[in-house]
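Here is a set of questions and answers for a reader who is new to looking at structures. Please keep the sequence and the 3D view open while you read.

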Number of protein chains: 2
Amino acid sequence: MQNLLKNLKVVVHDKLYLKDPETSDLGKRIVGESITLIDDMGFECFTFKKLGDRIGSNESSIYRYFENKHKLLLYLTSWYWGWMEYRLVFATNNISDSKEKLKKAIDILSEEVKEDSTYSHIDEKALNAIVINEYSKSYLTKEVDKENKEGFFAIYKRLVGRVKDMILEAQPDYGFAASLASTTVEGVLHQHFLIQHFPSLTSCSKTVAPKDFFTDLLFSSLNLETDA
Amino acid sequence: MQNLLKNLKVVVHDKLYLKDPETSDLGKRIVGESITLIDDMGFECFTFKKLGDRIGSNESSIYRYFENKHKLLLYLTSWYWGWMEYRLVFATNNISDSKEKLKKAIDILSEEVKEDSTYSHIDEKALNAIVINEYSKSYLTKEVDKENKEGFFAIYKRLVGRVKDMILEAQPDYGFAASLASTTVEGVLHQHFLIQHFPSLTSCSKTVAPKDFFTDLLFSSLNLETDA
DNA sequence: GCAAATATGATAGTAATACTATTATTTTTG
DNA sequence: CAAAAATAATAGTATTACTATCATATTTGC
């Protein structure tokens, strides 16, 4: 998979940037270092000025790639969900059994991203941490409807749609497929956050993974046996 | 219930304010108008200066009540969860059947807050909207561990704990009670958000309420019949 | 009823943020 | 090698998120 991804580009909405950061060395450094910097200091404290200092470049140069840090966050998280979608499709495509397929999907969605896959300038582990800690800030805004109309959340919506389809494949009678899919994708992030900061609010820990909880949750609510 | 609440004060952590806003007319106006203003313009655009203009008071006076707008958000959302906890306990206390009790809890947690109960200076409908749109911003910060240690999230944690206890009462064998409780409390907010902004990601609508989804979800995963 | 205490208001000031604009310099490319 | 494109440097603006100080209004305790 790593080798394959090396030759594939995750395509994000082209209105999210002014100039495609994939097309230059500076652009890649902006994206790569913004991930580690946001992960280090949090999105609120992060500024283009600090990023410029970090990469030995100028604030004004970064503004030529991204309008503002909100668009950068949308870019980074879109990239993440595109990457996740790719991994999801790749891992489930050849599975014919719908239960096994759904199980694999939960696995991919909820597994902790452990390693920087080093296939690119992007540190997926840090990006996963950013998505856990910052993703909801990208849509909890007054501009969400306008930005949604522009298609800025298309990849995320497509991903949730795929999960929904897998749910319906496994259990065509189920009446809440969209809600179960969105609850899973969002809930997985939330459980990872709780493990780190509110352990009393989660049953997950070093030994129990979010995967275990969500597998049980989905299979129970779909009235399926988990021993697929 | 409204009459009872009229004589009860929702108690929030006293480090969340510099001066208790309940003790003065100005304080109540700060709290009351901040709710409608944040609801109108979103938490990012909201400033103490704008609030001062709105209530015909001065920015500096507001700073005598709250250190900053983050603390104000923690105050407002703590108040909301305290109010919710009160309603939850009040509505479920006299129910002996554990299934019925859990059902009622889901009902209280997920119902749309429709009316300003007018028992106070607080517009609960607007506050509910704030919690849906802004609550996660109160904990998705770099200071979350410090603030959690200080007890700023105590009411929320107690509420989730109560839901967890009700889950265990209804099904003592269930292994993921904390995660199911936190997923429900958080998920309810998320589904309400999706109804408004991403209808394709939810099965809920005008006719299907989040309550229906979560009742089905909890009772299925707890292996209980919903016809309690 | 008045002085002291307290609450509120007005004004000013600061450092940082989130940009925009302009110009200079470097790098790329035809 | 010249022209074009990319990047860097500098300066400037409005707003934010405060702090500090002083003035004025209101409350209260005697």
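Q: How many residues surround DNA strand C, and which are the closest?
A: The model is predicted, and in this model a residue counts as near the strand if one of its heavy atoms lies within 4 Å of it. By that rule 18 residues surround DNA strand C, and the closest are Glu59(A), Asn68(A), Ser57(B), Arg64(B) and Tyr65(B).

Q: Which helix gives the most to the surface near DNA strand C?
A: Helix H4 (59-63) of chain A and helix H4 (59-63) of chain B each supply at least two residues of the surface near DNA strand C. With three residues, the one that gives the most to this surface is H4(A).

Q: Which helix gives the most to the surface near DNA strand D?
A: Around DNA strand D there are 18 residues, of which Ser57(A), Arg64(A), Tyr65(A), Glu59(B) and Asn68(B) come nearest. H4 of chain A and H4 of chain B each supply at least two residues of the surface near DNA strand D. The one that gives the most, with three residues, is H4(B).

Q: Which part of DNA strand D is 3.2 Å from an N or O atom in the side chain of Tyr63(B)?
A: The side chain of Ser60(A) has an N or O atom 3.4 Å from a base nitrogen of DNA strand D, and that of Tyr65(A) has one 2.8 Å from a phosphate oxygen of DNA strand D. In the case of Tyr63(B), the partner on DNA strand D is a sugar or linking oxygen.

Q: Is Lys101(B) buried or exposed?
A: Lys101(B) has its place in helix H6 (residues 98-110) of chain B, and, apart from neighbours within four places in sequence, Lys101(B) is in contact with Thr92(B), Ile95(B), Met166(B) and Glu169(B). Because its relative accessibility is 15%, and the cut-off is under 20%, Lys101(B) counts as buried.

Q: What kind of aromatic pair do Tyr135(A) and Tyr139(A) form?
A: Tyr135(A) and Tyr139(A) are both buried, and both lie in helix H7 (residues 124-139) of chain A, four residues apart, about one turn of the helix. Their ring centres are 5.4 Å apart with 70 degrees between the planes, and planes over 60 degrees apart count as edge-to-face. The pair is therefore, by that cut-off, edge-to-face.

Conventions. Residues are numbered from 1 along each chain as its sequence is written. Chains are lettered from A and ligands numbered from 1 in the order in which they are written. This is a predicted model: local features need pLDDT of at least 70, side-chain atom pairs count only at pLDDT 80 or more; totals for chains, interfaces and linings use all residues. Side-chain values use heavy atoms; hydrogens and water are left out. Rings of Phe, Tyr and Trp (its six-membered ring) pair if their centres lie within 6.5 Å; planes under 30 degrees apart count as stacked, over 60 as edge-to-face and the rest as tilted. Buried means under 20% relative accessible area, exposed over 50%, partly exposed in between (1.4 Å probe, protein chains only). Contact means heavy atoms within 4.5 Å. A polar contact is a pair of N or O atoms within 3.5 Å; within protein, one must be able to donate a hydrogen and the other to accept it, and residues adjacent in sequence count only if both atoms are side-chain atoms.
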